[in-house]
Amino acid sequence: MNTTSATTPDTDLLRTMRKGDADAFAALYRRHQGPLYRFALLRCGSSDTAADVVQEAFMGLLTERFRFDPLRGPLQSFLFGVARNLILKLEEGRRRHVALPAFDADQDGDDDPEPDQPLIETGPLARLLDNEAAEQVRKALAHLAPHYRDVVILYEMHELSYAEIADICQVDIGTVRSRLSRGRAALAKRLAGWHPTPTLAHA
Amino acid sequence: MDNRDTIDPLFDALRGEMARLDAPRGVEKELLQAFARQFPQKQPWHRRLALRRWALAGSLSTAVTALTVFSLLLHNPRLDADPDGASRPLLSRDGNGGLFIALETQERIEQEPAPRVVETEVSRSSLARLGVPLTPENAGDTVKAEMLLGADGQPLAVRLTSID
């Protein structure tokens with residue numbers, strides 16, 4: 001019996017993985033690495049950091065440093081939550097060492113969703129995407145405050161429900177709703193003046 | 001103004017662009033190596049034995065085989081006594097107090113066309129493997145013996161004449 005087919009539930013793969021089946025672990029990784037990497041990439045703006053986050057999340061799953069409880073939700077939400085916490089920890093460490101522009105957002109407050117300067121890395125990945133429209137949205141997302149960015153990315157890019165996002169971000173559903181609304185408004189405001197150039201416009 | 005009209009097409013573009021992005025291949029490789037370290041493959045028992053263990057197992061096996069063969073030789077039916085005297089016992093006392101040791105079957109000895117007897121002396125220690133008692137005190141002694149030889153010089157039996 002093939003225990004690593006595309007239809008095998010995550011919980012079955014996890015059980016097989018914990019018995020030492022490398023194929024099950026590889027199947028789990030291949031199933032979830034893409035969304036996780038894309039979330040981390042949009043969230044932190046660095047492909048290297050995103051790769052590190054994916055690796056650490058799966059390493060934690062492997063070593064059971066991060067314990068997944070199937071009763072609390074699907075594995076994908078759990079991994080998003082782990083990735084988000086890892087990124088927050090990285091940002092916290094960075095904030096201790098780098099003097100950043102005034103940004104003292106209360107995670108649950110009604111602060112400005114679009115601070116003056118993004119917290120994400122720029123530089124080698126100042127341009128990440130070939131498509132100009134996509135790149136503009138990515139940059140606009142990068143200007144959102146992190147807790148707004150989390151909600152917008154998870155909702156718009158990964159099509160998660162409010163409840164799933166609330167679980168991942170450890171806030172209530174009302175907060176998810178308000179952050180999404182304010183985040184989208186800020187994005188719309190920033191992107192309102194942008195128009196694709198004819199040669200680069202996405203068809 | 002409805003935000004959706006402004007940003008939904010742009011998110012479509014972003015989703016399309018991001019869909020082709022995956023974690024670098026090196027991540028999977030690192031993770032699978034970590035997995036292999038965490039769950040080392042259980043090898044079959046014969047592969048788990050190191051060369052030294054194989055050598056030890058071989059030595060033990062050889063020793064056991066040698067003991068088995070020796071034991072079978074000592075209890076060889078051809079050499080053991082049987083009730084009707086069809087073959088001679090390995091060790092038997094003759095009427096003169098000597099010790100007779102048949103080295104071949106009775107048939108082989110009887111069929112020998114030209115047997116001959118040769119007087120000699122043999123060390124007691126060399127007789128130990130034939131079942132002759134050996135003690136530290138007499139281990140260095142020699143015993144007078146009469147060897148029954150076939151025409152080809154092959155020993156058929158030995159009679160120890162001066163053994164206690």
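Mentor: The expected span of a helix is 1.5 Å times one less than its number of residues; helices (H or I, at least four residues) and strands (E, at least two) are DSSP runs, numbered from the N terminus. This model is predicted: local features need pLDDT of at least 70, side-chain atom pairs count only at pLDDT 80 or more, and totals for chains, interfaces and linings use all residues. Residues are numbered from 1 along each chain as its sequence is written; chains are lettered from A and ligands numbered from 1 in the order in which they are written.

Trainee: How many Å apart are the end C-alpha atoms of helix α2 of chain B?

Mentor: Helix α2(B) covers residues 25-38, which is 14 residues. At 1.5 Å a residue they should span 20 Å, and the distance between the end C-alpha atoms agrees: 20 Å.

Trainee: Which residues of α2(B) are exposed?

Mentor: Val27(B), Leu31(B) and Phe35(B) are buried (20 or more other C-beta atoms within 10 Å of their own; exposed means 12 or fewer). They cover an arc of only 75° around the axis, so they lie on the same side of α2(B). Exposed on the other side are Arg25(B), Gly26(B), Lys29(B), Gln33(B) and Arg37(B).

Conventions. Arc of directions from axis to C-beta.
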